[in-house]
Amino acid sequence: MAQVIFHPDQPVQALSGSYGEATFRTLPDGRTVVHCHQPDDSAGRAERVISRCVTEIQLHMADMRDAIRQRQAIKRRVARMYGRYCHLTDDDGQLRRWILQAWYNTRRKLPSRAKENERLF
């Protein structure tokens with residue numbers, strides 16, 4: 001476990017949640033600690049593939065705080081994609097590539113777009 005020290009002029013002064021393979025926790029005294037964990041190869045195939053896909057998706061997101069907030073939604077969506085593709089191959093690497101390709105090729109409706117369309121009609 002390591003302690004995180006933020007620069008005084010940064011807008012982010014506390015983080016709580018999981019980002020990639022790190023879990024951030026803000027303690028009651030205001031300090032933030034991080035615990036880095038390695039993927040467990042003894043875990044089940046589904047857990048291993050889903051975890052690695054979620055990690056890669058989060059690391060490619062522009063805003064770290066947004067990635068932390070959306071982790072559970074990302075994980076649910078990746079789990080659905082896993083269920084769709086898992087029976088097609090036994091190769092974990094190929095399966096991860098298919099899931100990530102589906103993730104990035106799928107157009108998701110953003111809340112801001114939904115509000116914009118509602119105003120037009």
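This is a predicted model: local features need pLDDT of at least 70, side-chain atom pairs count only at pLDDT 80 or more; totals for chains, interfaces and linings use all residues.
The protein chain has 121 residues, of which 31% count as buried. It holds five helices and four strands, and the order of these elements from the N terminus on is β-β-β-β-α-α-α-α-α. Among the contacts in the protein chain with a separation of 6 or more, 48% come from residues 24 or more positions apart.

The strands form an open sheet of four, in the order E1-E4-E3-E2, and their pairing is antiparallel. Because E1 and strand E2 (17-19) stand at the edges and each has a single partner strand, one side of each is left without a neighbour in the sheet. From one strand to the next, the twist averages 30°.

Two of the pairings in this sheet can be followed residue by residue. Strand E1 (residues 2-4) is joined by three bridges to strand E4 (residues 32-36), the two running antiparallel, and within this pairing Ala-2 stands opposite Val-34 in E4. E4 is also joined to E3, here by five bridges and again in an antiparallel arrangement, with Ala-22 standing opposite Cys-36 in E4. E3 and E4 form a hairpin with five residues between the strands, and in this hairpin Gly-30 takes a positive phi near 95°.

The axes of H1 and H3 come within 9 Å and cross at roughly 130°, which makes H1 oblique to H3. The crossing in which H1 passes H3 is right-handed. On the H1 side, the residues that meet H3 are Arg-45, Ala-46, Val-49, Ile-50, Cys-53, Val-54, Ile-57 and Gln-58, and their counterparts in H3 are Arg-71, Ile-74, Lys-75, Val-78, Ala-79 and Tyr-82.

H3 passes H4 in a right-handed crossing. H3 brings Ile-74, Arg-77, Val-78, Met-81, Tyr-82 and Tyr-85 to this contact, while H4 brings Leu-95, Trp-98, Ile-99, Ala-102 and Trp-103.

In soluble globular proteins, nonpolar side chains tend to be buried together. The largest nonpolar core of this model has 23 residues, and those that touch the most other members are Ile-74, Val-78 and Ile-99. Two or more residues are given to this core by each of strand E3 (22-26), helix H1 (45-59), helix H2 (64-69), helix H3 (71-85) and helix H4 (92-105). Which residues does Ile-99 touch, when those up to four places away in sequence are not counted? They are Val-49, Cys-53, Val-78, Met-81, Tyr-82 and Tyr-85.

Conventions:
Residues are numbered from 1 along each chain as its sequence is written. Side-chain values use heavy atoms; hydrogens and water are left out. A nonpolar core is a set of buried Ala, Val, Leu, Ile, Met, Phe, Trp, Tyr and Cys residues joined through side-chain atoms within 4.5 Å. Buried means under 20% relative accessible area, exposed over 50%, partly exposed in between (1.4 Å probe, protein chains only). Contact means heavy atoms within 4.5 Å. Two strands pair if DSSP finds at least two bridges between them. Axes are lines fitted to C-alpha atoms, for helices over the stretch in contact, and angles run from 0 to 180 degrees between N-to-C directions. A crossing is left-handed if the near helix is turned anticlockwise from the far one by less than a right angle, and right-handed if clockwise. Angles under 35 degrees count as roughly parallel, over 145 as roughly antiparallel, 65 to 115 as roughly perpendicular and the rest as oblique.
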